[in-house]
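Dear colleague,

Please find the structure below, handed over for your review. My notes on what was found follow it.

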Amino acid sequence: MSLTKLDQLYRQVILDEANHPRHHGVLVNPTSQVTLRNPSCGDVLKLQLELKDGKVADAAFSGSGCTISQASGSLMTDQIIGKTPAEVETMVETFSDLVINGSVPDEKVLASASILKGVHQFPARIKCATLAWKAAAQALTEGEQHD
Ligand code: ZN
């Protein structure tokens, strides 16, 4: 497959993800929540987590923003459910490295969220892609403080 075709495929997947986001909405029993803004683009993302038995039992996001921020929120929430806070922290760091550098030693930890690595070609959109992940890191940190 040519690079252009591959780029088009990724674009389609990202558009699908943004148009039909998974885990979009609010949780009934969130244990922590955080709202982050990306002023450079106007993205607003509210993330709710439900931590149970040392794992992320459920996650949901709401708010509004561009295609990249919405797709990233959908992919992020889908990937962190069932993970421990330590695993999520590793994923957040890996995702940030991936969209900044375009490659990481082990992108497998991100599973389907690694399709956003093409964002590294568009530095202005990196904050759009990392917004949801920063929210996850912050929600976990604040959750620990309340414990
Ligand atoms: Zn954006």
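Along the chain, the donors of the zinc ion follow the spacing C-x1-D-x22-C-x61-C. The protein donors are C41 (SG), D43 (OD), D43 (OD), C66 (SG) and C128 (SG), lying 2.2 to 2.7 Å from the zinc ion; donors are N, O and S atoms within 2.8 Å of the metal (3.2 Å for Na, K and Ca), and water is not among the atoms, so sites may look incomplete. C66 lies in the loop between β3 (55-64) and α2, and C128 in helix α4 (residues 126-146), so the pair ties together parts that are 62 residues apart in sequence. Helices (H or I, at least four residues) and strands (E, at least two) are DSSP runs, numbered from the N terminus.

This is a predicted model, in which local features need pLDDT of at least 70 and side-chain atom pairs count only at pLDDT 80 or more, while totals for chains, interfaces and linings use all residues. Residues are numbered from 1 along each chain as its sequence is written, and side-chain values use heavy atoms, with hydrogens and water left out.

C66 counts as buried at 15% relative accessibility, and C128 is buried at 0%. Buried means under 20% relative accessible area, exposed over 50%, and partly exposed in between (1.4 Å probe, protein chains only).

S72, in helix α2 (residues 67-80), is also buried, with a relative accessible area of 0%. Leaving aside residues up to four places away in sequence, S72 touches F95, L116, C128, A129, A132 and W133, where contact means heavy atoms within 4.5 Å. A polar atom of the S72 side chain lies 2.6 Å from the backbone oxygen of A129.

Yours sincerely

Conventions. A polar contact is a pair of N or O atoms within 3.5 Å; within protein, one must be able to donate a hydrogen and the other to accept it, and residues adjacent in sequence count only if both atoms are side-chain atoms.
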